[in-house]
Amino acid sequence: MLARTCLALALLLALPAVADEAKKTPTPKELLAKSAPAEWRTPDPQNLVYMDLPQGRVIIELAQDWSPLHAANIRTMIREHYFDGTQVIRVQDNFVTQWGDPDGDDKKKAKSLGTAKETLAPEFTRKGGKSYPFTKLPDGDVYAPEVGFSDGFPVARDGKGEAWITHCYGTVGVARDTGAESGNGSSLYAIIGQAPRNLDRNLAVAGKVIKGMEILSAYPRGGEPMGFYDKPEQRVTIKSVRLAADVPEAERTPIQVLRTDSKTFAAVVDAKRNRRDDFYTRPAGKIDLCNINVPVRDPSKKL
């Protein structure tokens, strides 16, 4: 009897160590290191924008399937060199970095749009039910019945066939005036702060920054209302903007994005939702759409 009691006690004492070990979650780096090559995608060079600034290169993936009219207009302006020499005109703390023609509001001084269109039909949402890939997140959302990812973009759905890209960190939107059709892509902004989801469905989303956010988010904040720079010398001049498709392959920046319909992406999300390691003592058990960064990598380097 005594021997059985001692054995049971020994087993009980051993359980916490086993349980603690089971609680630990792999890090995203560990999960990505085990990913399969097929789980990564190379963005279409026709949808990849290189914006070269004095501080380095920012790479934007256009949301062709979500705002095709704006994507086409932006491509036209890029190929006609509209953006070359334009400037970062606004940096509002915890909100956006915006770039474009500083004289864009003055018709006498504004830079010509060339053959690009001055006005476009608003592309604030997308209809089509389940005609596009969608990886649904398990947790709820304040702004929409469903949220998840579609081809790397953070997406919300109303459950009635309408969907939209959300304003998470790194989202690139189309600046506009009061009129819904006044945004043409000549002035763009990137979200650099807490996700302003109230903007969802009120502006067209042109794409998402997949490399270079550390550049856009580090610029000095503007002193004027809404973060506009009050002195011309504070603005940052854009050296050039090109499509990757128009850059010789040897000069392109190698980049791949983890497929958001992959097993590894699901594992990364789950690990972040249930973070258990030497630091986290109480995992949240939930995760917000905008707290998930889709991994990117240089395929020529090891993770």
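This is a predicted model: local features need pLDDT of at least 70, side-chain atom pairs count only at pLDDT 80 or more; totals for chains, interfaces and linings use all residues.
Select β16 and β17 first: the two strands run antiparallel to each other and are joined by two bridges. Strands here are DSSP runs of E with at least two residues, helices are runs of H or I with at least four, and both are numbered from the N terminus. Two strands count as paired if DSSP finds at least two bridges between them. Strands of a sheet pair through backbone hydrogen bonds, either parallel or antiparallel.

Residues are numbered from 1 along each chain as its sequence is written, and side-chain values use heavy atoms, with hydrogens and water left out.

**Helix α5.** Now select residues 263-273, which form α5. Which residues of this helix are buried? They are T264, F265, V268, V269, A271 and R273. Buried means under 20% relative accessible area, exposed means over 50%, and partly exposed lies in between (1.4 Å probe, protein chains only). The buried residues of α5 pack against α2 (28-33), β8 and β16 (256-258). A contact means heavy atoms within 4.5 Å.

**The five-stranded sheet.** What is the order of its strands? This open sheet runs β6-β10-β9-β8-β7, with antiparallel pairing. β6 (126-127) and β7 (135-136) are the edge strands, and each pairs on one side only.

- Select β7 with β8 (residues 146-150): two bridges join them in the antiparallel sense, and K136 lies opposite G148 in β8.
- Select β9 (residues 153-157) with β10: this antiparallel pair has three bridges, and A156 faces W164 in β10.
- Select G159, in the hairpin of β9 and β10: four residues separate the strands, and G159 has a positive phi near 80°.
- Select β6 with β10 (residues 162-165): the pairing is antiparallel over two bridges, and R126 stands opposite A163 in β10.

**The cores.** A nonpolar core is a set of buried Ala, Val, Leu, Ile, Met, Phe, Trp, Tyr and Cys residues joined through side-chain atoms within 4.5 Å. Select L53, W99, L216 and Y219, which have the most contacts inside the largest core, a set of 35 residues. Helix α3 (residues 68-79) supplies the largest share of this core, with four residues. Then select V147, V257, L258 and V269, which are among the 28 residues of a second, separate core.

**The whole protein.** Finally, show everything. The protein has five helices and 17 strands, and its C-alpha trace spans about 100 × 45 × 40 Å along the principal axes. Of its 303 residues, 46% count as buried. Among contacts in the protein with a separation of 6 or more, 72% come from residues 24 or more positions apart.
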